[in-house]
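I am opening a notebook on this structure. The entries below follow the order in which I looked things up.

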Amino acid sequence: MQRRLLLTTVLALTALSAGAESPMRPYPSGASRIGGLMNISIVDRTSGAELPIYRHRGEYWVAGRPGARYAIRARNAMGERIMAVMSVDGVNVVTGETAGVGQNGYVFGPRERSDIAGWRKSDSQIAAFEFAAAGNSYASRTGRPDDVGVVGVAMFRERRPEPPPPVVTPYPSRDEYSNSSRERRSEAPPAPSSMGDARAKAAPPAGSAGNADMAAESSASAMARQSAPSPSLGTAHGRRETSYVGKTTFERANSQPDEVIRIRYDSRENLVAAGVIPVPQGWPRPSGPSPFPGSDPGYVPDPPARY
């Protein structure tokens with residue numbers, strides 16, 4: 001049984017609430033996690049490994065295997081609560097709506113990590129994310145095929161309560177001070193008290209929240225889809241699994257996300273054909289059957305990229 005994070009509710013007459021895209025950071029090609037407020041990765045649930053993330057022409061890509069189940073792994077890198085609105089193929093993973101940043105999401109506590117492994121069906125069930133042919137994706141089967149092949153995470157900081165203004169006590173005027181002094185001298189001294197009363201109020205700390213500027217990146221979809229050697233991938237509505245959530249309140253510090261992560265995906269064959277995944281230069285394999293299929297360049301290969 002997997003532990004899940006909290007869904008968010010908003011105490012307002014607006015859509016429920018985890019936009020500008022954050023600037024692309026120079027993560028090395030082959031890294032497995034990206035993100036500032038939260039570390040985002042895609043996990044193969046069969047092997048448990050985080051899939052390499054390739055950067056190509058301003059976009060991030062992962063290679064999926066048809067039929068493989070996967071999860072979106074998210075870890076809050078901050079010491080405060082962060083809300084993440086997540087989408088797959090342009091569909092909100094919690095509500096099934098065409099995704100928008102003002103919708104339902106997940107709330108992550110400070111430094112908390114969780115794997116979001118499917119479409120939420122109820123407070124106790126999900127339908128697993130599963131790589132499938134684009135035509136069999138949940139988005140295509142529900143009439144929304146235009147954005148198949150992308151995972152999105154929009155992150156929001158939480159609004160902190162503002163401290164109350166300090167109480168300003170005006171100084172008395174000269175006449176008022178003189179009169180009150182004469183009155184105190186004319187009065188008898190008060191009787192000593194056996195008990196005192198001291199009270200102190202601590203104002204809550206002032207909160208602040210950052211705001212991200214909008215930055216758009218060009219899409220490489222046309223190139224990725226041209227001359228694809230295998231069918232493009234989407235995310236299917238997989239088998240039911242047990243997964244529990246609760247509900248909490250969360251007020252966003254800003255109406256626009258503080259950070260947005262976008263990761264595109266397709267089959268390895270298609271990403272190699274599109275130039276997203278580099279092909280190591282080695283023995284020139286001829287078309288058709290090869291007489292030496294086990295041959296290699298004969299030199300030490302480069303190690304995997306660090307993340």
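Over how many bridges do E3 and E6 pair, and in which sense? I count seven bridges between E3 and E6, in the antiparallel sense. Here two strands pair if DSSP finds at least two bridges between them. Strands (E, at least two residues) and helices (H or I, at least four) are DSSP runs, numbered from the N terminus.

Entry on the source. I note that this is a predicted model, in which local features need pLDDT of at least 70, side-chain atom pairs count only at pLDDT 80 or more, and totals for chains, interfaces and linings use all residues. Residues are numbered from 1 along each chain as its sequence is written, and side-chain values use heavy atoms, with hydrogens and water left out.

Entry on confidence. I looked up pLDDT, the predictor's confidence in each residue, from 0 to 100. The chain averages 77, and 64% of the residues score at least 70. Over residues 9-26 the pLDDT is below 50, although this stretch has 58 contacts in the model beyond near neighbours in sequence; a contact means heavy atoms within 4.5 Å. Residues 190-225 are also below 50, with 48 such contacts. Where pLDDT is low, the predicted coordinates should not be read in detail.

Entry on the whole chain. I find four helices and 16 strands. Of the 307 residues in the chain, 40% are buried (under 20% relative accessible area, with exposed over 50% and partly exposed in between; 1.4 Å probe, protein chains only). The accessible surface comes to about 18,200 Å², and 53% of it belongs to carbon and sulfur atoms. Areas come from the Shrake-Rupley method with a 1.4 Å probe; for residues, only the protein chains shown count as cover.

Entry on the open sheet. I went back to E3 and E6 and found them in an open sheet of three strands, ordered E3-E6-E10 with antiparallel pairing. E3 and strand E10 (113-116) are the edge strands, each pairing on one side only. The twist averages 20° from one strand to the next, taken from axes that are lines fitted to C-alpha atoms (for helices over the stretch in contact), with angles from 0 to 180 degrees between N-to-C directions. Asp44 has Tyr70 in E6 as its bridge partner.

Why is E13 largely enclosed by the rest of the structure? Eight of the eight residues of E13 are buried, so the rest of the structure largely encloses this strand. Val150, Gly152, Ala154 and Phe156 point one way from E13, and Val151, Val153, Met155 and Arg157 the other way. In a regular strand the side chains alternate between the two faces of the sheet. E7 joins E13 through seven antiparallel bridges, and Ile82 is partnered with Arg157. On to E16: E13 and E16 pair antiparallel over six bridges. Gly152 stands opposite Arg262, and Ala154 opposite Val260. E5 and E16 run parallel, joined by five bridges.

Not counting residues up to four places away in sequence, Met86 touches several residues, including Ile72, Phe108, Ile116 and Val153.
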